Amino acid sequence: MALRGLAASGPSSRGPLDEAVEAAEERGAPAVLATGGAPEDDEEDEGRGRGLLRWDGFSAWLHCVCVVGFDLELGQAVEKDPAYFYGYVYFRQVRDKSLKRGYFQKSLVLISKLPYIHFFHTVLKQIAPEYFEKSEPYLEAACNDVDRWPAPVPGKTLHLPIMGVVMKVRIPTCHDKPGTTQIAQLTQQADTHISVILPTVHEVDLFRCFCPVFLHSQMLWELVLLGEPLVVMAPSPSESSETVLALVNCISPLKYFSDFRPYFTIHDSEFKEYTTRTQAPPSVILGVTNPFFAKTLQHWPHIIRIGDLKPAGEIPKQVKVKKLKNLKTLDSKPGVYTSYKPYLNRDEEIIKQLQKGVQQKRPSEAQSVILRRYFLELTQSFIIPLERYVASLMPLQKSISPWKSPPQLRQFLPEEFMKTLEKTGPQLTSRIKGDWIGLYRHFLKSPNFDGWFKTRRKEMTQKLEALHLEVLCEEDLLLWTQKHTEVETVDLVLKLKNKLLQADREHLPVKPDTMEKLRTHIDAIILALPEDLQGILLKTGMT
C-alpha cells in the first residue's frame, strides 16, 4: 500500500517528476526507527570508495524505515516531518487471543521522498516477510544494502542488491512518456545475476484500478484535470491508495498540483477541515476505507465508491453514475456519486476497445497500456493549444539587449487564448467532440492551471535570462569599459558576477561555453583595472 499524508505544518514546495510528497503510515506508535542519518563519528566509509559518510547512500533512497505497532488508544502517533513524503506499507495481522482485539498487528513502513510506488512495493515484498520472522538484525542488514546503492539519477539503469536479490531498474526522467518501458527486458548477454527486472518503478496498474469505472474514465479524467474535490471509498487501504494514485496519474504528463491522500484516516490533522460543512471542500483527492466517512463526507461533490478490486483476468460489474442524495447509508452500493455533467462527449471507441479486451481476456497489463495511451493523447490534445499560446508570450530574441534587463513575458489573457482555439484547438489532434471552450474556462480557474502556468513562466523567464547571458557574451565588453568610467566598469563586473551566481544557483539553461566566455570577459576586464581594484574584485564572488 502506498500512503501520502500531510504534515501538520501544512504543504511545502514540490519538485518536478520526483517531487517531495507527504509522510504517512498505518495507525500506531513506533516500535523501531532506523533513520538514514549521520554516523556516530565523522569517519568516511573508505571501504565503499565513494567518499560518502555512512548512511548517505541510504538517504538518497529512503528517509527512514519504521516498524509500526497498532495501538487502539494512541492511533496515529508517529510525528510527521514538515514536508511531503511517500509511505509504503507492508501490514501483518496474526490472531492472538491474549491481545485486546484478538490480533497481533504490525506494519513495516518505508518512508521516502521518491514516488517510486512499484519499486518500493517490490522491495517490501522482498524484505518484510523475512523481517517478521528474523526481527531487527535482518532489517539492519537490509538498510546496509540500501546504503550501498548508487544514487537514483534520472535516466540511469541500476542494479540494486537487497538481501540476496538483485533488482534491475531504470530511474525515470521528466521527459519519459507515460507507459513507455525504457528498460531493456532482454539483452544480448543474459544478466544471470539479475533476480528481478522492473519495467517501471513508479506506475500503477491503471486498468485494474479503473476497471470498475472504465465506462466513466473520461469523466473522471475531467474531474482530476479540473482539480475537483474527489473521494474514493474503498474496502481496503491498498485499494484506496492504488485508485487515488491511478487518478492522479491519469492526467500525466500534466502534473497534478493539488493535494492527494491515498489513505486518509480519522487521525489525520485535516480531518475536521475536510469533514466540516461550513465551507466548500478543498481541491484534494481523498482515499478512505472507514465506513464513518460515508456520512461525514456526504457533502463532497464527487464520490467514487468501489468494491473489491478483482485479480488480473477478473472483471467486476461496472458501476453507475448516481445522485449524491442516494449516498445516505453505510452500505450504499458501489457507484460514482456526482451531479457533474462532463464537458466532452464520451469516447465510445475506447470503451469498445477495452470491452473487447475484457471479452478476449486480454491481460491487465495490455489493457493498462491502451488506457494509459488514451489518457496521454487526451491530455496532450488539451495541453498543446495552451503550450502554443504560452510560447507566443515569449519576447522576440532580437528585443533582448545586452545593456538592458531581459524583457518581460507578455501577460496571459484568457480571452485572447480562447480566440486561438478556433483554428489551433484540440480538434486538430482529438476526435472527441464537446464543449472544449467550457472545459478550458473551468481549467483556467483550477489549481492545476495555476501550478502549470507558474512552472512554465519560471522556465521561460529562465530561458530569457540565459539568452540575455548569450547576448552579453557576444559583446566586446573590454571595448565598452574603455569608453566608461572606473565606477561604471566596477559596477559591470559586479553585475556580471551576480549573473554567473544566478545561473549556477537557478540552474539556468545556459550553454557551458557561454559561462566560460563570460568568465573570460570578467577576468579580462579586471586585469585592465588598477591593481588595487583588481585585488578587491578578485576577492569578490567567484569568476
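## Confidence

The model is predicted. Its protein chain has an average pLDDT of 80, and 80% of the residues score at least 70. For residues 5-51 the pLDDT is below 50, although this stretch has 156 contacts in the model beyond near neighbours in sequence.

Residues 184-189 also have a pLDDT under 50. The model gives this segment four contacts beyond four places in sequence.

## Overall make-up

The protein chain contains 17 helices and 14 strands. It has 543 residues, of which 49% count as buried. Its accessible surface is about 27400 Å², and carbon and sulfur atoms contribute 52% of that area.

Among contacts in the protein chain with a separation of 6 or more, 72% are between residues 24 or more positions apart.

## A three-stranded sheet

Strands β6, β7 and β8 form an open sheet in the order β6-β7-β8, with mixed pairing. The edges are β6 (157-162) and β8 (196-197); each has a single partner strand, so one side of each is left without a neighbour in the sheet.

Strand β7 covers residues 165-170 and pairs with β8 in the parallel sense over two bridges. Lys168 stands opposite Ile197 in β8. Helix α2, made up of residues 117-134, packs on the sheet and touches β6, β7 and β8. The direction of helix α2 makes about 175° with that of β7.

How values were computed:
Residues are numbered from 1 along each chain as its sequence is written. This is a predicted model: local features need pLDDT of at least 70, side-chain atom pairs count only at pLDDT 80 or more; totals for chains, interfaces and linings use all residues. Side-chain values use heavy atoms; hydrogens and water are left out. Helices (H or I, at least four residues) and strands (E, at least two) are DSSP runs, numbered from the N terminus. Buried means under 20% relative accessible area, exposed over 50%, partly exposed in between (1.4 Å probe, protein chains only). Contact means heavy atoms within 4.5 Å. Accessible areas come from the Shrake-Rupley method with a 1.4 Å probe; for residues, only the protein chains shown count as cover. Two strands pair if DSSP finds at least two bridges between them. Axes are lines fitted to C-alpha atoms, for helices over the stretch in contact, and angles run from 0 to 180 degrees between N-to-C directions. pLDDT is the predictor's confidence in each residue, from 0 to 100.
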